Amino acid sequence: MDRSATQQPPVDHTESLDWLEGIHDEKALEWVRKQNAVTEGELYDANFEATTQRIQQVLDATDKIPMVTKRGEYYYNFWRDADHRLGVWRRTDWQSYRSSNPRWQVLIDFDDYARNQEQDWHFAGAQLLRPGAGEPYRRALIRMSPDGGDQVMIREFDLASLEFVPDGFELPVAKTSVSWVDEDTILVASATNEQDTTRSTYARCTRRLKRGQQLAAAESIFEVDVEHVGGWAHFDSTPGFERIVTTDAIDFYNSVTGVIWDDTHQIIKVPTDVRVLLHRQWVLFAPQTDWNQQGTVVPAGALAITELSSFLDSGDPGTLVFTPDEHTSLESFSFTAGHLLITLLRDVASEVQVVDLDSGFASSTLPVQGDFLSVSVSAVDDEDEQAGEDYWMTVTGFTQPTTLLRGRVGGQAEVIKRSPERFDSAGLSVTQHFAVSADGTRVPYFQVADEQLVLDGKNPVLMDGYGGFQVSLTPGYSPSLGTAWLNRRTAQGRRAVYVLTNIRGGGEYGPKWHRAALQQNRHRAYEDFAAIAEDLVARKVTSRSHLAATGRSNGGLLMGNMITGYPQFFGAISCGVPLLDMKRYTRLSAGHSWIAEYGDPEIPEQWEYVRTFSPLHRLDDQPHPAQDYPKSLIWTTTTDDRVGPVQARKMAARMLEKGISSTRYHEPEDGGHAGSTDNASTARMLATSYEFLWRAIQ
């Protein structure tokens, strides 16, 4: 990548495409409809419909594992299948749940609700009001999206009558978070007007809303600067630890946490890049960079724990319960009644440590059987007298269907549910490899391929990547991927190959792995991905004409940089809900919140390096002959309110202007940033991408 000084700034040819920024402008939508017709006319044939049907069949399967959340005596689940397009929110008891055919009580049937409301509403979560001691849960706040986007309406629901509460709490569609305080009071942070909204389009003000009160008249208890990402406060109702916890998200990686007791707001004074997490009497610290506190160094990526009262009194960060090394990083953690369960990644494979909170933080290992598996653990209900030490364990792998276990710390875990096999994995082998990037860094990737793979460069390969926001890509069982890609065979009988990349910018090796590709070092993520592509060719797994790649969101930005920076490596690319116009990204949708990741194009010296990974501008700054670009599908949704459809539109339009005739564009209306709203639309979205890529590399 050429990042030399730009004494003569390149001409910006993208302004002629600004008319596409009118998301619902008729001229822009007419262009969208025209491009959709071209893409669908080429792809949507009998083979496409068959692929769509296969994907939807596994999505609609009635024997999937119904993952649950325990509240009181009930286990709650949201479920979608062929008979429930929008889904049902439901619950059951433990004995029923562990049976092969649980008896569910339907709380809300969203298909019925849509018919009554004459509008689709998509379930986006529920928050239950903690009841009094010995009483059942009675009320919930239900989050519903009109289009699958981030904006939601909130309504109060009665768990006894199974009806929405007449004249209950109800908040209009917006980017909103809520928290129960008591039966007649909630905390609301909602971007409902300009005054209460940050430049990043999130809430900046939290209000204490009383029953029957208008939100605008509610007391403001916490506010942040409009230039910050957002500000939120939630009520911690844990008995004996009732408090309001505040978060001032300065940017994606810097924040300030505080606690409000009796109307006194006390800030937890640590560097802003130290994540602070509270649980009962405990406070945990997870620094993004090395933190020297009173002579104790808490390394970047480590986890320290102490009692909150002790830290407020002395400033001592407490005990290190995890310290990273070059192979191991912190993935997640959860509390049982007396233990801290820590999930780690060791060269992107899961391990679980158990820390005893009552015995000087002594640590032991929770056994995990198998190679190249992802394991997640979480407490079942740390406040339940009987289940306080119980945990859920979910185990999954590329060819191993998901298994749900329930265990008790110090005892054996019992298999509760197993997902059936959804695709033929016989003869598939999972291996891990390391490519060497441009600066000499070893970058891991997983390969799922025929165990009899012929190394002659002719195998169809799909690479997948993300590389941002400290997100780790780990092994997992994907029925859609299996049935729509891994079970494909060429006319010569070769099986399709899937490659999952662990490039820098992600969290696979902790904060340092992430920070290595921040802002002016962004090119390292792209060099890593390109190095893996080169390694696949060098190992003779595939060749350029048989190599496809896919990525979404920040992964879409990755794909945009593969199209413009490394077109010679790929035969086809699917670029989904992407960032692509890095000159304008901070002005579009929620883009301002990502400045800490990419840099600020409004600052000239930062724009100088941001431009080097802005795909829309690289088309002109580093042009290639039109025929040299890979076949590219750029896709999004009109209702994406996180990244927005504008960047994808402009990129596709500019590529077509430049004569890159292999460019295709697709933009359905609904789906939000997820790209779909129900199983049917998910199946069509996935089939569009898989079919385009498969046909392009044959």
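## Definitions and model

Two strands are taken to pair if DSSP finds at least two bridges between them; strands (E, at least two residues) and helices (H or I, at least four) are DSSP runs numbered from the N terminus. The structure is a predicted model, in which local features need pLDDT of at least 70 and side-chain atom pairs count only at pLDDT 80 or more, while totals for chains, interfaces and linings use all residues. Residues are numbered from 1 along each chain as its sequence is written, and side-chain values use heavy atoms, with hydrogens and water left out.

## The eight-stranded sheet

Eight strands make up an open sheet with mixed pairing, in the order β32-β33-β35-β34-β36-β37-β38-β39. Its edges are β32 (428–436) and β39 (663–666), each of which pairs on one side only. From one strand to the next, the twist averages 20° (angles run from 0 to 180 degrees between N-to-C directions, with axes fitted to C-alpha atoms, for helices over the stretch in contact).

Within this sheet, β33 (residues 442–450) and β35 (residues 497–501) are antiparallel and share four bridges; Val-448 has Tyr-498 in β35 as its bridge partner. Helix α13 (residues 646–657) lies across β38 (631–635) and β39, at about 155° to β39. Helix α14 (residues 679–696) lies across β34 (461–464), β36 (547–552), β37 (572–576), β38 and β39, and runs at about 170° to β38.

## The four-stranded sheet

A further open sheet has four strands in the order β1-β2-β3-β4, with antiparallel pairing. The edge strands, β1 (69–71) and β4 (105–109), each pair on one side only. Ignoring direction, neighbouring strands are turned by 30° against each other on average.

Strand β3 (residues 84–92) is joined to β4 by four bridges, and Arg-90 has Val-106 in β4 as its bridge partner. Helix α4 (residues 110–117) packs on the sheet and touches β2 (74–81), β3 and β4 (contact being heavy atoms within 4.5 Å); the direction of α4 makes about 125° with that of β3.

## Helices α8 and α9

The axes of α8 (residues 523–538) and α9 (residues 554–565) come within 10 Å and cross at roughly 70°. The two helices are therefore roughly perpendicular, a term applied to angles of 65 to 115 degrees.

In the contact, Ala-525, Tyr-526, Phe-529 and Ala-530 of α8 meet Leu-557, Leu-558, Met-559, Asn-561 and Met-562 of α9.

## Domains

An automatic or database domain assignment supplies the bounds of domain 1 (326–419) and domain 2 (444–685). Their C-alpha centres lie 32 Å apart, and 16 residues of domain 1 are in contact with 16 residues of domain 2.

Notes: Angles under 35 degrees count as roughly parallel, over 145 as roughly antiparallel, 65 to 115 as roughly perpendicular and the rest as oblique.
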